[in-house]
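Have the sequence and the 3D view ready.

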Amino acid sequence: RAAVSAAGRVVGLLRIPAQANAIVDAGGLGSGITGRIREKVRPSRVVAFVAGSGTRRKDRNGEFGFVNKRSAAWWNLR
């Protein structure tokens, strides 16, 4: 039920005229949400992101590496 509610909120936001895309953690429960959103809006506006998967990404200086995409995304957001 919570996944359907979350998908509905994202679909509502994507229907507002803008050039935004939704980036959804598609691991675990998120895979169902990703599919549900893609049913309601243009699939190209939904980017599947598996936060727990590994990455070779480094910080701007190349000094710090990240355990997974989630930690790299948080670093980028900071």
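We will look at the salt bridges, and then at one helix in more detail.

This is a predicted model, where local features need pLDDT of at least 70 and side-chain atom pairs count only at pLDDT 80 or more, while totals for chains, interfaces and linings use all residues. Residues are numbered from 1 along each chain as its sequence is written, and side-chain values use heavy atoms, with hydrogens and water left out.

A salt bridge here is a side-chain nitrogen of Lys or Arg within 4 Å of a carboxyl oxygen of Asp or Glu. By that rule, the model has 2 salt bridges.

Start with Asp 25 and Arg 70, whose closest N and O atoms are 3.7 Å apart. Asp 25 sits in strand β1 (residues 22–25) and Arg 70 in helix α3 (residues 69–77), so this pair ties together parts that are 45 residues apart in sequence. Helices (H or I, at least four residues) and strands (E, at least two) are DSSP runs, numbered from the N terminus.

Now turn to Arg 36 and Glu 39, which form a salt bridge at 3.9 Å, N to O. Both belong to helix α2 (residues 30–40), 3 residues apart, about one turn of the helix. An α-helix has 3.6 residues a turn, so residues three or four places apart point the same way.

How open are these two side chains? Buried means under 20% relative accessible area, exposed over 50%, and partly exposed in between (1.4 Å probe, protein chains only). Arg 36, at 37%, is partly exposed, and Glu 39, at 60%, is exposed.
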